[in-house]
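Student: I would like a close look at one part of this protein. Please take me through it step by step.

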Amino acid sequence: MKKITDTVSAVTVMLCIMSLAVVLTLAFRPLYYFDIDYLEIEESSGYPEKEIRENYDALISYNLSPFEKKLEFPSFPMSEEAEIHFTEVKNIFQFFLKLCCICGPVSVILIMWKRKREEYGYLKAAGIATIAVPAVMGLFIGLNWERAFVLFHELVFQNDYWIFDSAADPVINILPDRFFLHCAVMILGIIAAGAAVCLAGYSIGKRKGGKS
């Protein structure tokens, strides 16, 4: 029975950390605001910062809200293919948001229950399993970000609507590849931090005489 509860607890905590990393990165708009200047998006796109922010904010609000069914940019036109693509992207983010909302409270309950029983082995398993993800992905991204970016889209999407024509969909001009690289780094960083917390929790629990 303990092996089953350890496995369930480890998987739940791992999924919580991963989904939380995606949601936090999506919601952390200051990362993009920083990149407007750092990546010189005003100069490369030809749009003023105010307009860039307004259209980016509209995109993020659309992806975060389960109630906003249609994406409308304040000043950018959008092709039918782009609208389909952004709907697919929203579905992915909404999946992670739901996963986070489910695994978060369940993880808290399991952690409290396991702590009461002085069982900490699941934290070691969760930490190791979780740290493996940023390690493998970080290596792949570090070796060839451009290939990793393309491969991700080819695996996740069943069409080529993610390849935008800037004339029809100018939003692509304010979303440079390097911004997505920064998002990937932030996601992996949060995941790595979550794994470290799990391993630290296991170590502390063991020092206090807890069970593996």
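Student: Which residues form one aromatic cluster?

Tutor: This is a predicted model. Y32, Y56, W145, F149, F179 and F180 form one aromatic cluster.

Start with the count. The structure has twelve aromatic pairs. One of them joins Y32 and F179. Their ring centres are 5.0 Å apart, with 80° between the planes. That makes the pair edge-to-face. Y32 lies in helix 2, and F179 lies in helix 8 (residues 177-207). The two are 147 residues apart, so this pair links distant parts of the chain.

Now check the surroundings of these two. Y32 has a relative accessible area of 0%, so Y32 is buried. F179 is at 4%, and F179 is buried too.

Next comes F149 with F180. This aromatic pair is tilted. The centres lie 5.7 Å apart, and the planes are 35° apart. F149 belongs to helix 7 (residues 145-156) and F180 to helix 8, so the pair ties together parts 31 residues apart in sequence. Buried means under 20% relative accessible area. F149 has 14%, so F149 counts as buried. F180 has 29%, so F180 is partly exposed instead.

Helix 2 has another tie. R29 lies in helix 2 and D57 in helix 4 (residues 49-64). Their side chains meet in a salt bridge, 3.1 Å from N to O. This pair therefore ties together parts that are 28 residues apart in sequence.

Stay with helix 4. E49 and R53 both lie there, four residues apart. That is about one turn of the helix. Their side chains also meet in a salt bridge, at 3.1 Å, N to O. E49 is partly exposed at 29% relative accessibility. R53 is partly exposed as well, at 30%.

R53 has a second contact. The charged end of R53 sits over the ring of Y33, 4.0 Å from the ring centre. K90 does likewise with Y62: the charged end of K90 sits over that ring, 4.5 Å from its centre.

For contrast, look at D37. D37 lies in helix 2 (residues 29-38). Its relative accessible area is 64%, so D37 is exposed.

To recap, the cluster includes Y32 and F179. Y32 is in helix 2 and F179 in helix 8.

How values were computed. Residues are numbered from 1 along each chain as its sequence is written. This is a predicted model: local features need pLDDT of at least 70, side-chain atom pairs count only at pLDDT 80 or more; totals for chains, interfaces and linings use all residues. Side-chain values use heavy atoms; hydrogens and water are left out. Buried means under 20% relative accessible area, exposed over 50%, partly exposed in between (1.4 Å probe, protein chains only). A salt bridge is a side-chain nitrogen of Lys or Arg within 4 Å of a carboxyl oxygen of Asp or Glu. Rings of Phe, Tyr and Trp (its six-membered ring) pair if their centres lie within 6.5 Å; planes under 30 degrees apart count as stacked, over 60 as edge-to-face and the rest as tilted. A charge sits over a ring if NZ of Lys or CZ of Arg is within 6 Å of the ring centre and within 35 degrees of the ring normal.
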